[in-house]
Amino acid sequence: YMHTTARDITERKRAEESVQESEERFRMVFENVFDGISIYSEDLDPSKRRLVECNERYAAMAGRSRGELLQLGSTQELQKTLEDTANINRLESLTRGAAYQGSFSWIRPDEKDNIVEYVGMPITWRGKSYSIGIDRDITERKRVEVALLASETRYRSYIDATGQIGWVTNADGEVVEDVPSLRKFSGQTYEEAKGLGWAKALHPDDLERTLQVWHKAVTAKSSYEIEYRIRRHDGVYRYFLTRSFPLSREDGSIREWVGTCIDITERKKSEWELRSSHAQLHALAAHLQSVREDERTNLARELHDELGQLLTGLKMELSFLDKTPTNLDSIRPQDLRNAKVDSMNELIDKAIEAVRGISLELRPAILDSLGLSAALEWLANDFQQKSGIDCSCSIKTNAVFDSQCSTAMFRITQEALTNILRHSEAKKASITFASEPNEVILSVCDNGIGMEAKQIGDVRSLGLLGIRERAAAIGGTIEIDSKVGKGTTVLLRIPSLK
């Protein structure tokens, strides 16, 4: 007889097939992932640590084949750790059963540079200690980081060399990087400036406009340029010109904003001064035209009212002589003629005096014949007689000036006296003309009501503006010292001729 025993192994076969399928899936993943995977049997002695399994990607990072690495087993001599504490971290993780990480370089046969970043996880299998590692080649990333760092260093060097202030914000305009140049200027710490804290340093009047420009740029994803004021660490606001541009991600969204600021306060001051100067020049030109017309009007009035009347009277006297009646019993014709001749001589004297007066108003002959000092003395005396204001003149210099300079100094004094008469309500005035070691000083003072500081610099003070322009034309400077209730001093400084 033959005795046969049969057993149903369907489930076992099914389980074996399932295990095989699972192993194939694992091997497919193991070999095709982007990262390198390794399994090491662990030992406290690094030299006894052995590679028991790895994928082709891991071997490719080493510049070897998988079979070659597995045959070698020990990779200690093929790797150069980049952290001094790498082995200590590995041993601690084995003790604690926790993951560890680090980086190293393979010593490759082809001598190519490489940097590998890894994460290791200790496990225990069948009573033995192992670790599973996942490795990634970060050589290119490190190269880009080094290039970016070098570029950033050059950028910061450029910013520092040009005296500009740089800054970086995220897509929402929040400061995300500590910028020493901005911190040094504003006096804000990084913690104070971080986020939207930087806005606290902006002038309140500029904040809304600045945010509007920025929001418009965010919407358009475009660069922008704007001027605004930033409060310096000492509390003084300075004008800045800011240029900013966005850095975008691959999907087109804004990653961050990078910008530079340059202090343009001095440029703004120059612009203001230039605009003010233009306004003053326009006002002065209009004033000079008005003065010219006034002088012409006054001259016409003097010629018509005074000199014209004198000449008309003289003509009438001559006409009377030509038609003198001869039948006068009480007056002899000769006596009448003599009386008329005397009257005409008197009219001629008055006409000569009128011509002299008009000439002096236009330009005193004494300025050309006797010089500036004598002309100033005459001007003080003439001012006192016409205004009733006590006016003294002190000459303490022998300096001689050309006609242009003398005329300008005379007109400055004349304008200053005119201002005293019109505005000061003074009882006394004085003219002082003196020499100092390196300059000649001409001053006109009064004891009147004085002026406020804003009146001295007012563009509409055309008399003072004219004085300054005349001084500048001859290389001099004007200083005006005035206080309310304390009078006014107009001081002209002219450098001494060497």
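This is a predicted model: local features need pLDDT of at least 70, side-chain atom pairs count only at pLDDT 80 or more; totals for chains, interfaces and linings use all residues.
**Exercise 1. Find which residues of helix 8 are buried and which are exposed, and say how the buried ones are arranged.**

Step 1. Take the buried set: Asp-206, Thr-210, Trp-214 and Ala-217.
Step 2. Look down the axis of helix 8. The buried residues fall within an arc of 65°, so they line one face.
Step 3. Recall the helix geometry. An α-helix has 3.6 residues a turn, so residues three or four places apart point the same way.
Step 4. Turn to the other side of helix 8. Glu-208, Lys-216 and Thr-219 are exposed there.
Step 5. Identify the packing partners. The buried residues of helix 8 pack against strand 8 (224-231) and strand 10 (254-263).
Step 6. Look just past the helix. Lys-221 takes a positive phi of about 55°.

**Exercise 2. Describe the open sheet of six strands: its order, pairing and edges.**

Step 1. The strand order is 2-1-6-5-4-3, and the pairing is antiparallel.
Step 2. Strand 2 (50-54) and strand 3 (79-81) are the edge strands; each pairs on one side only.
Step 3. Ignoring direction, neighbouring strands are turned by 40° against each other on average.
Step 4. Zoom in on one pairing. Strand 5 (residues 116-125) and strand 6 (residues 128-137) are joined over 10 bridges. Val-116 has Asp-137 of strand 6 as its bridge partner.

**Exercise 3. Classify the aromatic pairs Phe-104 with Trp-106 and Phe-401 with Phe-433.**

Step 1. The structure holds six aromatic pairs.
Step 2. Phe-104 and Trp-106 lie 5.4 Å centre to centre, with 75° between the planes. Planes over 60 degrees apart count as edge-to-face, and this pair is edge-to-face. Phe-104 and Trp-106 are both buried.
Step 3. The ring centres of Phe-401 and Phe-433 are 6.4 Å apart and their planes stand at 35°, so this pair is tilted.
Step 4. Phe-401 lies in the loop between strand 11 (390-396) and helix 13 (403-424), and Phe-433 in strand 12 (residues 428-435), so the pair ties together parts 32 residues apart in sequence.
Step 5. Check burial, using the cut-off of under 20% relative accessible area. Phe-401 counts as buried at 15%, and Phe-433 counts as buried at 0%.
Step 6. Tyr-58, Tyr-100, Phe-104, Trp-106 and Tyr-118 form one aromatic cluster.

Definitions and conventions
Residues are numbered from 1 along each chain as its sequence is written. Side-chain values use heavy atoms; hydrogens and water are left out. Buried means under 20% relative accessible area, exposed over 50%, partly exposed in between (1.4 Å probe, protein chains only). Helices (H or I, at least four residues) and strands (E, at least two) are DSSP runs, numbered from the N terminus. The arc is that of the directions from the helix axis to the C-beta atoms. Contact means heavy atoms within 4.5 Å. Two strands pair if DSSP finds at least two bridges between them. Axes are lines fitted to C-alpha atoms, for helices over the stretch in contact, and angles run from 0 to 180 degrees between N-to-C directions. Rings of Phe, Tyr and Trp (its six-membered ring) pair if their centres lie within 6.5 Å; planes under 30 degrees apart count as stacked, over 60 as edge-to-face and the rest as tilted.
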